[in-house]
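Trainee: I have a chain open on screen. Can we work through its strands, salt bridges and burial?

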Amino acid sequence: MEPTEIVQQLWDRMQARDWPGLGELLADDLVVEWPVSAERIVGRENYVMINAEYPEGWSIRVLRIVADGEVVVSEVEVPHDTMGVHRVASFWTVRDGKVVDGREYWTCLGSDPSPQWRAAYVQRV
């Protein structure tokens with residue numbers, strides 16, 4: 001599979017709650033950083049378990065996936081029944097058919113309010 005296909009499969013398997021299938025896409029020594037919450041996840045098993053144990057009520061909608069060689073960027077939307085809508089920008093490295101590392105920026109829509117001084121220059125979305 002091409003790197004973009006692997007990342008698409010990563011999100012598809014998460015959406016399907018296919019935890020063994022997700023693990024098949026990940027290197028044993030995977031490292032994923034979440035800078036917004038200042039966390040680092042080390043190892044395939046830890047990454048799979050964090051996602052498997054995330055409180056239910058969520059779904060995943062892939063907005064785009066782009067790649068430059070082994071570097072793949074994905075943007076997804078993750079609505080949750082009680083936690084609101086999150087957007088995730090993820091930067092993955094795919095090598096030899098496995099995701100070997102990632103950096104994900106999770107944010108809740110509207111969590112960073114627009115300051116008043118910018119109002120004359122922006123449109124609200």
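Mentor: Start with a definition: two strands pair if DSSP finds at least two bridges between them. Helices (H or I, at least four residues) and strands (E, at least two) are DSSP runs, numbered from the N terminus. This is a predicted model, where local features need pLDDT of at least 70, side-chain atom pairs count only at pLDDT 80 or more, and totals for chains, interfaces and linings use all residues. Residues are numbered from 1 along each chain as its sequence is written, and side-chain values use heavy atoms, with hydrogens and water left out.

Trainee: Which residue in E6 is the bridge partner of Val88?

Mentor: Strand E5 (residues 84-95) and strand E6 (residues 98-108) pair in the antiparallel sense over 10 bridges. In E6, the partner of Val88 is Trp106.

Trainee: In the hairpin of E5 and E6, which turn residue has a positive phi?

Mentor: The hairpin leaves 2 residues between E5 and E6. The turn residue with a positive phi, about 55 degrees, is Asp96.

Trainee: What is the bridge partner of Val71 in E5?

Mentor: Strand E4 (residues 71-80) runs antiparallel to E5, and 10 bridges join them. E4 and E5 also form a hairpin, with 3 residues between them. The partner of Val71 in E5 is Thr93.

Trainee: How many salt bridges does a search of the whole structure find?

Mentor: A salt bridge needs a side-chain nitrogen of Lys or Arg within 4 Å of a carboxyl oxygen of Asp or Glu. One of them joins Arg40 and Glu33, at 2.9 Å, N to O. The search of the whole structure finds 10.

Trainee: How many residues apart in sequence are the parts that Arg64 and Glu75 tie together?

Mentor: The side chains of Arg64 and Glu75 meet in a salt bridge at 2.8 Å, N to O. Arg64 lies in strand E3 (residues 61-68) and Glu75 in strand E4, so the parts they tie together are separated in sequence by 11 residues.

Trainee: Is Glu77 buried or exposed?

Mentor: Glu77 and Arg87 form a salt bridge at 2.8 Å, N to O. Buried means under 20% relative accessible area, exposed over 50%, partly exposed in between (1.4 Å probe, protein chains only). Arg87, at 27%, is partly exposed. Glu77 has 13% relative accessibility, so this residue counts as buried.

Trainee: Which residues does Asn51 contact, leaving aside neighbours within four places in sequence?

Mentor: Asn51 is in helix H3 (residues 44-52). Asn51 is buried, at 11% relative accessible area. Contact means heavy atoms within 4.5 Å. With those neighbours left aside, Asn51 contacts Met14, Trp19 and Trp58.
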